[in-house]
Structure formats: structure tokens, C-alpha cells
Amino acid sequence: MRKTEFTYNPEVIFQSEFDSDLLEFNGIRIGQDLNQLPTESVSEFYDKEDKSQNTDIENGWILTKNGIQYVLKNRIVKMIRVKKNGITKLNGFDKDYVEKLIGKPNKISNDSITWVWDNVVYAKVHHYKKRKTKIHFSTENGKVCELEIE
């Protein structure tokens, strides 16, 4: 098991020696030029116009079947989101537990969506500037539901 590979060791983001520049997601890091991913590992992909026929994307995002989303600009990975089944090993972590591990966030914001005319807040986002990480906690159960690493 490689310590810097998130998919094998997701708890690495809560360790004191965490470095987002060294962390790998399916072997891919922030700042890396993303060559085409194997088609069988991709579940969704969109270019900046929200349409694409293949995974060879210049600007947009690619979501893999294991819940890792790569946000690309000029084929370079600028941000990685971890969601859906990629977050399952961290689903039991709540904000109190995370704060014990890595401290208080620099900022807290809302992640919301508008349904018809109702604005629904579905996550509280804890911003950790030094870690270049945003941790989303579900407003439904208070547990980790998404990560963003820059």
C-alpha cells in the first residue's frame, strides 16, 4: 500500500505530514498533465461546453468509477474532487472528529443548490487553506460527503 495513494489510504488527508502536491488519486497528482485515462475507468466526462465524445479533454472534468473527479485546465489537473463511492471510507468522519485530527478550518461556507425557487444547503464546507483542501460535511447527517483538493 502506497502511503500517498488516496484510493488505498484515504485517511492520509488527515495526517500531519499531509501534502496535497504529493498525494495521488489513481496514480495522478495535482499539477500533472493528464494523458487519456483508460476508458474502462471513466464514468463521466465533460469539456467546458459540457459535451465530449471521449476522455481526451483539454478543459473540463473527468469522473472515474471509483469516485475521483479530475478538474482540468489546458490538460493539467487543477483540482481533484472525491465524491460518491470514492468517499465511502471517510463517511463515518464528522466535523468534530476531523477538527481533532487537523484543527479548525480557516473558513466555513455553504454548498447549496436551488430547486425551483428553494435554495437548499446540502453541505457545510470547511476550508483548510494550508492543506489546500475543502471538506464537505452533509447537512443531513453531519458526515464527510465530498472532498476538494487543490
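These legends describe close-up views of a predicted model.

**View 1. The largest nonpolar core.**
The largest nonpolar core holds 31 residues. Tyr70 and Leu147 have the most contacts inside this core. Five elements each supply two or more of its residues: strands S3 (68-73), S4 (76-82), S7 (133-138) and S8 (144-149), together with helix H1 (95-102). In soluble globular proteins, nonpolar side chains tend to be buried together.

**View 2. The surroundings of Tyr70.**
Which residues does Tyr70 contact, leaving aside its neighbours within four places in sequence? Phe25, Asn26, Ile28, Leu34 and Leu37 are among them. Gly60, Trp61, Ile62 and Thr64 also touch Tyr70. Val77, Met79 and Ile80 complete the list.

**View 3. Strands S7 and S8.**
S7 and S8 run antiparallel and are joined by 5 bridges. Ile135 stands opposite Leu147 of S8. That partner, Leu147, is one of the residues with the most contacts inside the largest nonpolar core. Is S7 largely enclosed or open? Of its 6 residues, 5 are buried, so the rest of the structure largely encloses S7. The hairpin has 5 residues between the two strands. In this hairpin, Gly142 takes a positive phi near 75°.

**View 4. Aromatic pairs.**
The whole structure contains 4 aromatic pairs. In one of them, the ring centres of Tyr46 and Trp61 are 4.8 Å apart. Their planes meet at 45°, so this pair is tilted. Tyr46 belongs to strand S1 (residues 42-47) and Trp61 to strand S2 (residues 60-64), so the pair ties together parts that are 15 residues apart in sequence. Tyr46 is partly exposed, at 28% relative accessibility. Trp61 is also partly exposed, with a relative accessible area of 21%. Elsewhere, ring pairs link Phe14, Phe93 and Tyr97 into a cluster.

**View 5. The Lys132 and Asp21 salt bridge.**
The structure has 9 salt bridges. One of them joins Lys132 to Asp21, with the closest N and O atoms 3.4 Å apart. Lys132 sits in the loop between strand S6 (118-128) and S7, and Asp21 in the segment before S1, so the pair ties together parts that are 111 residues apart in sequence. How accessible is Lys132? Its relative accessibility is 37%, which counts as partly exposed. Asp21 is partly exposed too, at 38%.

**View 6. The Glu146 and Arg81 salt bridge.**
Glu146 forms a salt bridge with Arg81, and the closest N and O atoms are 3.8 Å apart. The pair links distant parts of the chain: Glu146 lies in strand S8 and Arg81 in strand S4, 65 residues apart. Is Glu146 buried or exposed? Glu146 has a relative accessible area of 12%; buried means under 20%, so Glu146 is buried. Arg81 has a relative accessible area of 22% and is partly exposed.

**View 7. Further salt bridges.**
Asp96 forms a salt bridge with Lys95. The closest N and O atoms of this pair are 3.2 Å apart. Asp96 is partly exposed, with a relative accessible area of 45%. Lys95 is partly exposed as well, at 37% relative accessibility. Salt bridges also link Lys134, Glu148 and Glu150 in a network.

Terms used
Residues numbered from 1 in each chain as written. Predicted model: local features only at pLDDT ≥ 70, side-chain atom pairs only at ≥ 80, totals over all residues. Heavy atoms only, no water. Core = buried A, V, L, I, M, F, W, Y, C linked by side-chain atoms within 4.5 Å. Buried < 20%, exposed > 50% of the residue type's maximum accessible area, 1.4 Å probe, protein only. Helix = DSSP H or I, 4+ residues; strand = E, 2+ residues; numbered from the N terminus. Contact = heavy atoms within 4.5 Å. Pairing = 2+ DSSP bridges. Phe/Tyr/Trp six-rings, centres within 6.5 Å; stacked < 30°, edge-to-face > 60°. Salt bridge = Lys/Arg side-chain N within 4 Å of Asp/Glu carboxyl O.
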